[in-house]
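Student: I would like to go through this structure with you. Where do we begin?
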Amino acid sequence: MSSVLLSLLNVFGILIAVIALAAGLTFAERRLLALWQDRYGPNRVGPFGLLQVVADMIKLLTKEDWVPPLADRPVFVVAPTVLIVTILLSFAIVPVAPGIGVADLNVGLLFFLAMSSMGVYSLVLGGWSSNSKYSLLGGLRAAAQMFSYEVFMGLSLLGVVLLAGSFSLLDIVVAQTGLWYCVPQVIGLAIFVIAGLAETHRLPFDLPEADGELVAGYHSEYSGMKFAMFYVGEYLGIILISALIVTFFFGGWNGPFLPPIVWFLLKTFLFIGGFILVRASLPRPRYDQLMALGWKVLFPLALLNLIATGGITLALAR
Amino acid sequence: MLSALGSVWEVLKHTFRRRVTVQYPDEKPYLPPRFRGRIILSRDPDGAERCVACYLCAVACPVDCIALQATEDEHGRRYPEFFRINFSRCILCGWCEEACPTYAIQLTPDFEFGEYERQNLVYEKEDLLISGTGKYPDYNFYRVAGLAVGGKDKGEAENEEPPVDVRSLMP
């Protein structure tokens, strides 16, 4: 009985924490971007502008929830939920600290890759069902981008799997007790970070959204809470990718002195900040440039990394 | 790739830069003395209206936001019967101030006159008139002008030469 209660506590605790964090990030990102652009950002509502999140939420909830007349209504309504659901499901496999975590799947890493591929459906379907040229172009780009990064994202993680000898994220974290994989897998780390940027559709790889060219890309036609779901989905994605970078390459909860959960959160927040910093500094490439980078540079690099890791692991195992 | 990392580093250095935002309502910006803001009508040192209702400001106004009607008092002094500035049109260009021969119309360093209703932006003479002299404390048009008004003939004012008899200048 108590184990059921504990796992329920885990499930809802992580769910609420992650969604609250994503909502808070909308504010944190604006403050950080402002900091790096020598501005203040939203600092009027509440202390330090902290209640801006609440104000935004009230605004989004009271907005008209509009569906364009020629849109494919059921798909249009379902598309944003797909994004949220796939990302929230991915959080199930993240081991936050010993004993904190929803599920320890023995195919955890593959589960994450599967869910991240599913998430793209949300963008493509949202872009398609809006019946707007900009949305369609955004969805098209989302599909093109997905083809170019999913492959090397999977390959970049296989080095970690080789070293840890397991697909389970818990095992991967435990295997990093001595040495974090950011040292032997530095190439894998770099490739995964780039793939993560593309996965979360963040600048510099926000091609499906591309405010400068496509109005707002795949979610041009969305408003109210449906838009908010895409928006929160983006931030959930950032948290997920940051948490996974920490899990795969920076030893998860491992670290001296502080309790494990503090280490995990500390590292995760560091990478979330990194994501925002990258957004603040880099411009968006053309989408053929992204695909060229993916297929001609990062894909071979990920393969070479995998082969080298495999060879060295094999040689050391003898 | 390296240049991308370089630009990330450059942006990160901005963490410790001073922020350029002036947080306006809490922190007022510096307004130079010649700032062109809300328009006022000033009075001469004696406390009388400076405006002589010559219409030059209304003519100079590029957006036609000044409306007035001239009239005369019992001494033959011209003054505006009404003087109306529509600030919802006014672009604060300052041409009225430049055109004014009596320093009556002046722009002040005040820009905080927002209203919730458009009609409230139409200022009448009593809204525009101030009790002071504005930027020119000692100037009194009727003391220097070559114009006869009640109690003063032409050429009798301070700094005023007696009028020239133009017919005596003939060759």
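Predicted model: local features only at pLDDT ≥ 70, side-chain atom pairs only at ≥ 80, totals over all residues.

Tutor: Helices are DSSP runs (H or I, at least four residues), and strands are E runs of at least two, numbered from the N terminus. Residues are numbered from 1 along each chain as its sequence is written, and chains are lettered from A and ligands numbered from 1 in the order in which they are written. Local features need pLDDT of at least 70, side-chain atom pairs count only at pLDDT 80 or more, and totals for chains, interfaces and linings use all residues.

Student: How are α7(A) and α9(A) oriented to each other?

Tutor: Their axes, lines fitted to C-alpha atoms over the stretch in contact, have angles from 0 to 180 degrees between N-to-C directions. The axes come within 10 Å and cross at roughly 165 degrees. Angles over 145 count as roughly antiparallel, so α7(A) and α9(A) are roughly antiparallel.

Student: Which strands are at the edges of the open sheet in chain B?

Tutor: The sheet has 3 strands in the order β2-β3-β5, with antiparallel pairing; strands pair if DSSP finds at least two bridges between them. Those that pair on one side only are β2 (66-72) and β5 (122-123) of chain B.

Student: Which residue of β5(B) is the bridge partner of B:Asn86?

Tutor: β3 (residues 78-86) and β5 of chain B pair over 2 bridges. The partner of B:Asn86 is B:Val122.

Terms used
Parallel < 35°, antiparallel > 145°, perpendicular 65-115°, else oblique.
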